[in-house]
Amino acid sequence: MHTPNSLSSLKSYLKNNYLKLSLITFSLGILFLALQKEWLVIRSPFAPQHNLALIRQNLASSKKNLALYYWANQRWNCETTEAISTSNHTKDLKHLVSSWLNLLTEEKILCQKPALQSVLIDQQTKNLYLSFDRTLFTDTESTKEKLLIIESLLKTVHEYQTTLSANKFIETVTFLVSHQPLSDPHLDFTISWPIKGFLE
């Protein structure tokens with residue numbers, strides 16, 4: 001229990017050292033903020049050293065050129081994009097299909113850009129599941145235009161798999177919207193589409 005004398009001495013101490021306490025508290029706050037935002041990084045001298053040249057070399061060697069196909073002006077067109085290849089095919093395919101969607105939106109082939117929700121590879125059936133947030137087509141597109149959009153995506157995924165390795169881990173693709181089969185009055189998306197496509 002504090003006595004009146006000890007309380008008054010504490011008050012006078014705080015009054016006299018208010019500026020010092022404020023500066024110490026402010027400095028500690030800035031230090032914690034800098035550590036949290038990684039403006040200030042503290043590294044242990046016992047931590048293993050990283051060779052930046054080796055890291056840059058590994059990043060450069062893991063970069064791959066990905067071919068993105070689309071049909072325009074009565075012919076197949078191909079654009080390439082650079083991406084860092086990982087050992088995770090699902091992650092790489094998500095990046096590939098998202099890049100393809102961006103390209104088709106820029107080329108005005110897709111009126112509204114669908115977002116790719118998820119990518120899943122079934123190892124047993126070698127089926128790739130692509131789920132979008134909306135359909136790839138509009139109501140005004142013809143069956144041929146829809147087929148060419150699907151064919152360009154199949155061609156893009158097939159080319160990715162071919163350049164990656166001889167081991168075929170995808171044979172068919174299932175198109176989904178919000179994790180349900182894509183609904184279309186002209187094309188049947190309840191079945192999986194062969195990755196080789198239908199057009200020569």
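1. How many nonpolar, polar and charged residues does the lining of the largest pocket have? In this predicted model, the lining divides into 7 nonpolar, 3 polar and 3 charged residues.

2. The largest pocket holds about 250 Å³ of space. It is lined by 13 residues, and those closest to its centre are Trp71, Ile109, Glu145, Leu148 and Ile149.

3. Two elements, strand 1 (63–72) and helix 5 (143–164), each give at least two residues to the lining of the largest pocket. Helix 5 provides the largest share, with 5 residues.

4. Helix 5 also packs against helix 4 (residues 89–106), at an angle of about 140° and with the two axes 11 Å apart. Angles over 145 degrees would count as roughly antiparallel, and 65 to 115 as roughly perpendicular; helix 4 and helix 5 are therefore oblique to each other. The crossing of helix 4 past helix 5 is right-handed.

5. On the helix 4 side, the contact is formed by His89, Asp92, Leu93, Leu96, Val97, Trp100 and Leu104. Helix 5 contributes Ile149, Ser152, Leu153, Thr156, Val157, Tyr160 and Leu164. Sorted by class, this contact has 10 nonpolar, 3 polar and 1 charged residues.

Definitions and conventions. Residues are numbered from 1 along each chain as its sequence is written. This is a predicted model: local features need pLDDT of at least 70, side-chain atom pairs count only at pLDDT 80 or more; totals for chains, interfaces and linings use all residues. Side-chain values use heavy atoms; hydrogens and water are left out. On a 1 Å grid over the protein atoms alone, a cavity is a set of points where a 1.4 Å probe fits but cannot get out, and a pocket is an open set with protein on both sides within 12 Å along at least five of seven lines; lining residues have an atom within 4 Å of a point. Grid points are joined across faces, edges and corners, and a volume is the space filled by probe spheres set on the points. Helices (H or I, at least four residues) and strands (E, at least two) are DSSP runs, numbered from the N terminus. Ala, Val, Leu, Ile, Met, Phe, Trp, Tyr, Cys and Pro count as nonpolar, Asp, Glu, Lys and Arg as charged, and the others, Gly among them, as polar. Axes are lines fitted to C-alpha atoms, for helices over the stretch in contact, and angles run from 0 to 180 degrees between N-to-C directions. Angles under 35 degrees count as roughly parallel, over 145 as roughly antiparallel, 65 to 115 as roughly perpendicular and the rest as oblique. A crossing is left-handed if the near helix is turned anticlockwise from the far one by less than a right angle, and right-handed if clockwise. Contact means heavy atoms within 4.5 Å.
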